[in-house]
Amino acid sequence: MKIESLAALPYMDLVIDMQRDLSAASTEADIVFAFGSRFREMTGATHLLDLDVEGLPDGQFRLRDLIAIGSRDFSVANAREASRWGTPASAVPTATGPVLSELITGGDPKYAREVPVDADPHLAPIGIDVLDLFAVPVFHRGRLDEWLIVIGPTGASFDNVQLRTGLANLNLLKRGIVQQELYKRVKRLSGELNDKIQEVADLQQALLPAPFSHLDGLEVAVSYRVSDVASGDYYDFREFDDGSLGIAVADVSGHGPASAVVMAMLRTMLSAYRHFNRSPMDVVGDMNVLLRDTLPYGVFVTAAFVQVDPITGEGRYLNAGHCAPRIRRADGTIERLDEEASPPLGILDDIERRGGPLVLDEDDMVIVFTDGLTEAPSADGTDRFGDDRLDAVIAACEGGPEALREALERALDDFTGSPDPVDDQCLVIARFHPPPE
């Protein structure tokens with residue numbers, strides 16, 4: 001095997017330097033300046049004239065830029081004052097010129113030698129008496145919509161290699177500029193979109209219940225961690241006319257801004273539900289009807305509702321396709337409230353309410369959560385946190401709701417290797433404290 005260096009080939013060092021400079025360019029002007037300084041060394045060219053011909057008859061053009069590239073230290077200061085970076089084509093007047101119009105007629109590249117500077121008024125700013133001009137057609141989306149005129153003093157003639165490589169490189173230059181313009185546009189639009197998403201997230205946070213640690217008869221802790229700026233998980237607390245307390249935890253399919261919008265809808269529905277004095281046990285059927293008529297196809301909501309009498313500890317739970325809530329007894333025993341569940345909300349026209357009764361004794365805790373906990377992936381992606389690990393942490397924790405919240409968050413972070421969840425996580429823990437008789 002024989003390996004041969006190509007560094008000695010003509011212009012190879014300049015081509016490599018050009019590519020290196022172009023890779024560091026961050027704006028359209030930087031791209032042109034990086035290209036121009038090296039191109040000048042390769043060809044002896046001193047100016048680059050940019051003619052826009054998109055939508056114009058043959059021979060007509062819009063003079064976009066005349067750039068001096070006569071210095072190796074090419075900088076913004078070398079661009080003439082009339083440079084039109086970023087100016088829309090409609091704002092540039094249409095023109096013709098005796099030499100330039102002939103060069104761009106027909107669509108094929110041309111080389112004009114020994115052109116007097118006064119032969120075309122558009123060449124006057126160059127300030128060199130006799131010029132050589134190399135006209136390069138530039139294509140965009142399959143159309144010839146621009147010409148780049150490479151200009152240098154007569155005598156610094158372009159050889160055939162330079163002409164061929166110049167034609168290719170100048171077209172690549174144009175594509176690089178277009179890509180940079182698109183990148184800037186996407187970056188700007190992305191920033192605007194992120195601002196809008198943050199507004200959604202801020203509104204969503206305002207819709208969640210204010211922080212607290214106690215309801216009548218219940219000591220409460222909440223964990224709410226989102227995988228995106230906005231979340232599709234939701235929790236709420238309601239006091240009904242019969243004195244019972246309601247806990248709702250819901251999970252909109254997917255996550256992100258769209259799910260957050262559905263979450264806001266759900267919150268509004270639940271608020272109206274309470275104000276119209278509907279029975280807590282009718283919530284599943286009523287919410288299903290409203291969501292079925294509102295949600296787009298493929299979007300649904302899972303939810304678990306727990307209703308507890310704060311004096312007796314007696315109550316019920318309803319489950320609509322959601323994770324089974326848990327009861328942790330004061331002695332550490334774990335009970336899953338996994339009676340048959342109804343389908344998720346918003347899929348079928350009509351569903352039955354399904355769940356069962358519950359009774360809390362003093363210091364018993366009820367735990368309601370979304371599947372962001374049990375479906376959390378391990379650090380290597382080969383396992384899920386799962387129900388058994390969840391129950392083991394619940395059983396091992398001997399403290400109250402706040403201690404259990406911290407224990408579960410810590411266990412999840414250790415398992416996943418990160419405090420940032422890949423799916424939204426919502427956890428509500430309530431411990432029963434009956435009032436004195």
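Start by selecting residues 245-252, strand E10, together with strand E11 (residues 301-308): the two pair in the antiparallel sense over eight bridges. Here strands (E, at least two residues) and helices (H or I, at least four) are DSSP runs numbered from the N terminus, and two strands pair if DSSP finds at least two bridges between them. This is a predicted model, in which local features need pLDDT of at least 70 and side-chain atom pairs count only at pLDDT 80 or more, while totals for chains, interfaces and linings use all residues. Residues are numbered from 1 along each chain as its sequence is written, and side-chain values use heavy atoms, leaving out hydrogens and water.

Within this pairing, click on Val249, whose bridge partner in E11 is Ala304.

Ala303 stands opposite Ala320 in E12. Five residues separate E11 and E12 in this hairpin, and Gly313 in the turn has a positive phi of about 80 degrees.

Finally, move to helices H8 (residues 386-396) and H9 (residues 401-416). Arg389, Leu390, Val393 and Ile394 in H8 meet Leu404, Ala407, Leu408, Ala411 and Phe415 in H9, where contact means heavy atoms within 4.5 Å.
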